[in-house]
Structure formats: C-alpha cells, structure tokens
Amino acid sequence: MTHVPHGRHLVAGEWIATAETFENAPAHGPAHRFSVGSVELVDRACEAAEAAFDAYAATSRAERADFLDRIATEIEARGADITAIGTAETGLPAARLDGERGRTCGQLRLFATHIRKGDYLDRRHDPAQPDRAPLPRPDLRMIQRPVGPVAVFGASNFPLAFSTAGGDTAAALAAGCPVVVKGHSAHPGTSEIVAEAIAAAIAACDMPAGVFSQIQGGNRAVGAALVQHPRIKAVGFTGSLAGGRALFDLCAARPEPIPFFGELGSVNPMFLLPGAMSARAEEIGRGWAGSLAMGAGQFCTNPGICVVIEGPDADRFAEAARAALSETGPQVMLTDGIADAYRSGAARVAGAAGVQDLLSQMCDRREARPFLFRVTAQDWLADHALSEEVFGPLGLIVTVRDADEMLAVAHSLKGQLTATLHLDPGDRALGQRLLPVLERRAGRVLANGFPTGVEVCDAMVHGGPYPASTNFGATSVGTLSIRRFLRPVCYQNIPADLLPEDLA
Ligand code: NAP
C-alpha cells in the first residue's frame, strides 16, 4: 500500500487536522488515526459551500459534466490505493472493491452524460397570450434549478458507491449543488483518498474550492450540526433506520425545515407462487441462499423474508436453501458493531414465539454465518418485530395456508425497497392480486429474480415508502435521483437576456 492516511478533513481545498483523533478499526492490517470532526469545521465547510454556490450553479452543464468525468478519472488513478485501504477497513474482498469502484466511476459518468443531454431540466413553456379573454396570459417558463449546498452521509456497506463520491454526491454535483460529506467512521481512510480525487478534479477543472468538503466522523455531533446548518438545503443519507430517523427528525425540526432523503433498511420480501414452486422449488431455494449470503448479507436489498404456501414444495424449497446456506463459510462483517447487531438480531428471531430453527451456526467476533428460520404467517403477523431487518445473512421463511393468507402478509408489510414475485404462467391470477398490493409498498417490484444488484440506469427506483426511505417520491440510484437536489422555478415575463442560460 502506497497511501498512508494523513487523517485530515478537507474543507474547501484545505486539509485540516484537529487535536482530537479516533482510530479506524480495520478487519486486517494496521489501524490509523483520523482527526475527529467538529461543529466549528462543519460551519466552515457549509459557509464555503454557500460561498461557492452562485459560481457553481452558474457553470454550464458541459463544464459540470467534464468535472464529473474528471472525478471518475482521478478515482481510477488511485484505484490500487483505494482497494488496498478499502479491503482493510471493511473486510470486503478486493474484487468487490474493484467492482464497486467501477460502479462509482460509471455512476459519475452516467450523470455527466445525463446533464449533457439536459432532459432532466424538464423545461416547459406556456407562451404569452396577450389577446386571451377575459384575461391575457403571461409568458411562463419553468426549469429545474439547484437547491443549494447538500449534505451527504454514506453507508458502511458501500464504501465507494454510497459514500464520499457515491450516488448522492454525483447527483448533487451534477445538479449544480456544492456538497459537504460527513465521512463514515467505518472507512475514513477510503473516504480520504476519494476526497483527494475530488480535490484534484476541482483543481484541474478550475471549480470553486468550496464545492466539496469532507468532515470525518468520530463524533455524532458532526452529523447533527451538518443537517441543522442553515446553509444546508437538502440531505442525502444512506444507512440505518435509527440513524436516518434521528437526522430526519432534526431536519424537520429546523426553523427552516429541509428535505431529508434517507435510504434506510428493508427486508425485501419474496413471494413464491405455487406454479413456480411446483416447477422449481429447489432452484429458487438455492438462488435465494446465494442472494441472501452474498457479501455477508450486508446489502440493503438483501431478501430476508420468503413467503410460501405450506406443503411439500415449501419443504423442498426450505431444504434446498438450508443445504446451500450451510455450505456458506464464515464471512467478515463490516464492523464489530454490525456483527454484534447481527448476532443479537438472530437471537431475537430465534426467541420469538413459533419460530422454528432450520440453521443456526456459531459466529466468531466479526464473522457472520447464515441463519435460517421458519414461522407460520399467523405467528409472523402477531409479532411485528419479525418483519424488521436483521442486517446480515439471515433468512426467514413465512409459511401461509393459502393465497388469501399470502395476500394478508403482503397487506401487512411496511414500505420496502423491493418486493419480488416468483411466478409461472399458471400463477397469473394470484400475481394479479399481489402486484397492486406490492407496488404500493415497494420502490421496485421484480419477477423471477433476486433483488440484490441494483442497476444504475434511467429507470431504476431505489427507494420506497417509509421506512424503506423517508421520501417515497425519490430514488437514490439512477439518473432520476438528480431530482432530489433540484427545485422547479417559474419565470413569468422575465426578459430573455435575464433568464438562466438553459432557458434562454
Ligand atoms: P448508520 O449507522 O446509520 O450510519 C450512516 C451514517 O449516519 C454514518 O455517517 C453515521 O455516523 C451517521 N449517523 C448514524 N446515526 C446518527 C445519529 N444519531 N446522529 C448523527 N449521525 C448519525 O448506517 P450503516 O451502518 O452505515 O449502514 C447499514 C444500514 O444501512 C443497514 O440497515 C442497511 O440496510 C442500510 N443501507 C441502506 C441502503 C439503501 O439504499 N436504502 C444502502 C446501504 C445500506 P458514524 O460514522 O458516527 O457512525
């Protein structure tokens, strides 16, 4: 590894150390010390972001697109260092870090292409009708404008794609908004190198320095101060329900409330319909096990619950899943805290009334092994805690007596990032009953697949009703996510030479 972390914050082009430090807790290799963030630095970063706003919002789409492309190039130039420290800090394998870097750079370039095209501006024009009776109509033009400085919180499980230069940062910068990142305390070294890449792109593209800052964590007051800072006009957050809700509440309680776009947890239920089960119960069971255990189950789209009609097909499915999961070796989890929460979550499910243990395995300190449980819909419906996310490779099979009880389970669901149907042509009637119920509860509904793996594209929705997200009108993945950091402005009878360049 050539990069040795210096542990400083980046505030408007300046690398700043603070007296107090915290240590990262890598899964392997030496620990490093990082400056703890402070409320005073948050203030400096937010003021610098506001100072940069007018100039940055006035840049052309082509200039911002070049800037995003340059960030991607600068990240690629540091690829080996990013993977080295990223694997150490998170315990994720090198291939995963390399792949996630590709996704992160692809995301930045997708936004560059998207803003070059300009469709996202949703330009509208109602020409003046001076002779209209009884009242003339004025000339009305509408366009989307950037909202102002944006605060970004990444998640521990995507140290690149949902972190310093992840989807939220890419969308905000594409929109024309300066960004202040609260660095995740689980991977501060990774965040530091990515911040260096952004700083290099700012210099190369001659952007205002305040367009990007990153304050490292180690102090929860940093996040609270950031979302409450009067210069911040929107927040992009990916992480836990508890953390997201706490910060959302702070945003709502501000004298000037601001939108908080929190992408939170989900159990991503799968509904296995009888025709599909009769044809391929084992295949679905093995596929589910693979999706469930991938990356130690540390995906927000991890399908934690399967709903299936009881009987021999359900038994074949459960046995295939159990056999596949029992062959999955131990995997390192992202942090000690996440490993502890996984074990206590598994114990909570195991101890709930009516829960049958199909697979329980010992987990060492920071390791996860899969757990598999089975429960009847009656018991599941009686215990709300069973519908909550356990972050890790834990599967719960919910058996229903018939199609009506399957519908009852679907109706009882809270908001989800995804919901999945496994169905064959003979399942059409039940599919038709389930789809309208699931589409009200999930941001993405899929058939005959597994929800892990979120394509970054135009049609993607990664969001959903609460508690999957705090804003059901938004997505945090894909080009539509830029809308979170824009607001429509209508220009009535404004002279052409005063209009924003994109409207003139
Ligand atoms: P997390 O613990 O909520 O942390 C996310 C960020 O919020 C960190 O920077 C954290 O600061 C900060 N934070 C949390 N609580 C806070 C509070 N009360 N006050 C101030 N700051 C606070 O989440 P995580 O462990 O990184 O991520 C795992 C969770 O995220 C899982 O539940 C997973 O399902 C979910 N997730 C969702 C998506 C999605 O797209 N919906 C994607 C990935 C993950 P510190 O650095 O101090 O901890």
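Predicted model: local features only at pLDDT ≥ 70, side-chain atom pairs only at ≥ 80, totals over all residues.

Me: What about E263, which ligand atom does its backbone sit by?

Reply: A nitrogen atom of the ligand, with a backbone N or O atom of E263 at 3.4 Å. For G239, the backbone N or O atom is 3.0 Å from an oxygen atom of the ligand.

Me: How many residues surround the ligand?

Reply: 24 residues, and the closest are H184, S185, S240, E389 and H462.

Me: Switching to domains, how is the chain divided?

Reply: Domain 1 takes 9–20 + 32–264 + 469–498, and domain 2 takes 270–447. Their centres, over C-alpha atoms, are 34 Å apart.

Me: How many residues are in contact between them?

Reply: 11 residues of domain 1 touch 11 of domain 2. The two domains bury about 800 Å² between them, with 61% of it on carbon and sulfur atoms.

Me: What's on the domain 1 side of that?

Reply: The residues there that touch domain 2 are 4 nonpolar, 4 polar and 3 charged.

Me: And how many salt bridges or polar contacts go across?

Reply: The salt bridge count between domain 1 and domain 2 is 0. For polar contacts, 2 residue pairs turn up across the interface.

Notes:
Residues numbered from 1 in each chain as written. Heavy atoms only, no water. Domains from an automatic or database assignment. Contact = heavy atoms within 4.5 Å. Buried area = accessible area lost by both parts, 1.4 Å probe. Salt bridge = Lys/Arg side-chain N within 4 Å of Asp/Glu carboxyl O. Polar contact = N/O pair within 3.5 Å; in protein donor to acceptor, adjacent residues only side chain to side chain. Nonpolar A, V, L, I, M, F, W, Y, C, P; charged D, E, K, R; others polar. Near = heavy atom within 4 Å.
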